[in-house]
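Please look over the sequence and the structure shown below before reading on.

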Amino acid sequence: MIKFEKFTLDNGLRVIVHTDNATPMVCMNILYDVGARDEDPEKTGFAHLFEHLMFGGSINIPSYDEPLQRVGGENNAFTTNDITNYYLTLPSNNVETAFWLESDRMLSLAFSEKSLEVQRSVVIEEFRQRYLNQPYGDVWLLLKPLAYKVHPYQWATIGKEIKHIEDATMENVKAFFNKHYKPNNAIMVLSGDITIDQVKPLAEKWFGPIPAGPDFKRALPIEPEQRERRTLTVERDVPVDAIYKVYHMCSKYDKEYYTVDLMSDILSRGNSSRFYNELIKKQKLFVDVNAYVSGDLDKGLFVVSGKLVKGVKMEDAEKAIDAELNKIKTHLVDEKELTKVKNKIESTRVFSEMDIMNKAMSLAMAEHQESADLANTEIERYNSVTAEGIKEQANKIITEQNSSVLYYHSKKSKV
Amino acid sequence: MIQTLDRKTAPPFHALEKIRIAHALTQKLDNGVPVSIINAGTQDLVKIEFVFSAGVWEQSHSLQASCTNAMLDEGTKTKTAAEIADSIDYYGAFLEQDVNQDWAYLTLYTLVKHLPSVLPVMEDVLKNPLFPENEFGILLQNKRQTFLVDNQKVAHIARTRFNALIFGKDVSYTYKLKVEDFDLLKRQQLIDFYNTWYKSNNCKIIVSGKTDNQIVKLLNKHFGGNDWKAEAKLPEIEAGKIQSDPKQKHLILREDAVQSAVRIGRILFNKLHPDYHSMKVLNTILGGYFGSRLMTNIREDKGYTYGIGSRLISLRNAGYFFISTEVGVDVCKPALTEIYNELKRLRNEPVSNAELDLVKNYMLGDFVRSIDGPFALAEKFKKIMLYDLSYSYYDEFVETVKNITPDVLQELANKYFAEDQLHELVVGKV
């Protein structure tokens, strides 16, 4: 249970405070409601590139990192399909430095040409390091456009191609900032050694004067229902074959989301899971095989991925996965198995509430999705999942025509 | 009255008040196993960690230490692997196994309320493992494939090959794993390793979370007896001699690489050495945080890389220092030049007071961050316990950070970062 209080500034910035006196630190988390899904299809990777530029100095402060480190602080950020999230921790007696830094970059960036030029290179190196120079690194670059034809989830957060990053201009950067980086498009959470009475005056002082922007109305194209199975076969210089099967599922806003999430846990969470025992241990077809949900806010994907044991045929591996999926479609999950995955959700939740950064992020994400309360009530949604519900979702989602399959062959295995 | 807000000036800085670190209290089970307890936190959780000196250092065959550890929960005299997994997962608990160069760990995370249900499983896993042939075969096969995948990653190749460069052939710490080793390891070697090292007289327990002395009773019930004591004295391990490769610069060519992995470093010392705390400061300046000189120059100014950093590694019987990065093959050469320039700058010029103040504050803040919460406190305790150090080690660290001067840092840079003492490895293309 994360206790919190909430208020909203006149400019629309929502502020949430969670006090935890067990630590001498404070975490400030600012979530901006902008992600890769808000990008122009011809300028993909931009939300993430922009995240890098947020550290390149703001209108009144030439460097973001240096003054924060000078007061013992540390920070980072990440971009997803749906949001961009910035977080920092610092000793509580220096918390005003966080307000000073974060409010200035919400007010305006420095828009330095040098920063743009350097961060373009840094992000291109990131593209190479994580997606190109890694075995299986390009999987999502291939899978996303296979599964999505219309919705912007068809590209990865890093972008479709390096060229889009190379082509980013300062004009694009400014337009993106003006459109998305506004107090009324952000949620700020403070957690740790701080109270709401300390936060209120600081928030008014530093964030209050930032003007609100026009409300951003998101109008994304809706992915049409998939009507036939899609496949893609590639060959790469990797040691073993891999298979990826993805199915369209509901959005995180739907209550069925929790059902599908637990279904994936039954299939593959931990060494007592079905996939582990059947496909790895008993049939010895896979080295590694997983089922999970992408967790996107718009309609997401139910994913099954596996790396094959050397010598196993791709079609045999796929058949074995399908047989397991078929079981969950035709037989009700037994109560003990369902209780087991629910217990795991409960304990994971308790573990995640151990540090102030996790708690701040949970609150921010919950507020963005629905309401900060959700951070505490989500567990009830998991607890209300039934065996019948799982069977129903399995039958709805796991169908031939709703599937996209990537066959990722090892070059060596073909020889 | 309208007061304009001064956004250009930083709010006043406040130094950290006295840093307090909650101590572990150590007592002994009936059979002499030390149990150290850190009672902290608000969540109803507990972590119980068993530590054995049963790492790579103790093994006489490649993979022996890691496979023995991984096989503990793969079947006991009374339970199959699936039954063990079920009885842990059902209670939402987690059983983790891990091995590094020096130590082997078996760790249980659980809600306090489920402790009586899961502790017997942990006891069974620790005292009665069977090392079934079938499970062992699967483990080896899976580890072999992971090995093959890892060997396609330039960073992995750099890490493992660099290790061999600085340690030489004869030391237990040298990375020696070859694909043939997966065929050579025998089940009996795991049983032997287990029988030698996974014993009460080679075990330490650390408990952290919302806990109290009641847990000692419970631990005594399951682990306090003399039924898992080694019969023989623990063997002494021959240390072997560190002999770094006489050739300094090495390239492993990868024609198809789009990035090169770079490692530069040397054998140094572990945390028992008097210069260790000071070297932590020097290393932080060089490559130990986001604002470090390497990051500032090579990422934030030149854009050659997504990340670059440097680290000091402390092992029980040795220590080393290294810089690592992955850079575009087209900029590998200038990146190398800049790395050596940064080392040279540390040798030739004193660090400015402004930079040093920043680093001191950052390090103290980071230290406070690292003692936040019961599990973090347990980690902190473990790092001194395993070296037989006391908490005064951390007081000395804080004092060193507060008082170190630019002159001392420059002296250390000249002593330890001389270019002719460094090994360089590039995997990819220069």
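Which are the buried residues of α1(A)? In this predicted model, they are A:F46, A:A47, A:H48, A:L49, A:F50, A:E51 and A:L53. The points below place that helix within chain A, and then turn to a strand and a loop residue of chain B.

**Chain A as a whole**

- The secondary structure of chain A comes to 16 helices and eleven strands.
- Chain A has a radius of gyration of 23 Å, which is close to the 22 Å that the globule rule gives for 415 residues, so chain A is as compact as a globular protein of that length.
- Of the 415 residues in chain A, 51% count as buried.
- When contacts in chain A between residues at least 6 apart in sequence are considered, 80% of them join residues that are at least 24 apart.

**Helix α1 of chain A**

- Helix α1 of chain A, which takes in residues 46-53, is mostly covered, with seven of its eight residues buried.

**Strand β3 of chain B and its partners**

- Strand β3(B), residues 45-52, is mostly covered, since seven of its eight residues are buried.
- On one pairing, β3(B) runs antiparallel to strand β5 of chain B (residues 104-111) over eight bridges, and there B:K47 stands opposite B:Y109 in β5(B).
- Strand β3(B) is also joined by seven bridges to strand β6 of chain B (residues 203-209), again in the antiparallel sense, and B:I48 stands opposite B:V207 in β6(B).

**Residue B:V56**

- In chain B, the loop between β3 (45-52) and α1 (64-71) holds B:V56.
- Is B:V56 buried or exposed? B:V56 counts as buried because it has 23 C-beta neighbours inside 10 Å, where 20 or more are required.
- Once its neighbours within four places in sequence are left aside, B:V56 is in contact with B:A65, B:Q101, B:S172 and B:Y173.
- From C-alpha to C-alpha, B:V56 and B:Y276 are 24 Å apart in space, while in sequence 220 residues separate B:V56 from B:Y276.

Terms used:
Residues are numbered from 1 along each chain as its sequence is written. Chains are lettered from A and ligands numbered from 1 in the order in which they are written. This is a predicted model: local features need pLDDT of at least 70, side-chain atom pairs count only at pLDDT 80 or more; totals for chains, interfaces and linings use all residues. Helices (H or I, at least four residues) and strands (E, at least two) are DSSP runs, numbered from the N terminus. The radius of gyration is taken over C-alpha atoms; the globule rule is 2.2 Å times the number of residues to the power 0.38. A residue is buried if 20 or more other C-beta atoms lie within 10 Å of its own, exposed if 12 or fewer, and partly exposed in between; C-beta atoms are placed from the backbone. Two residues are in contact if their C-beta atoms, placed from the backbone, lie within 7 Å. Two strands pair if DSSP finds at least two bridges between them.
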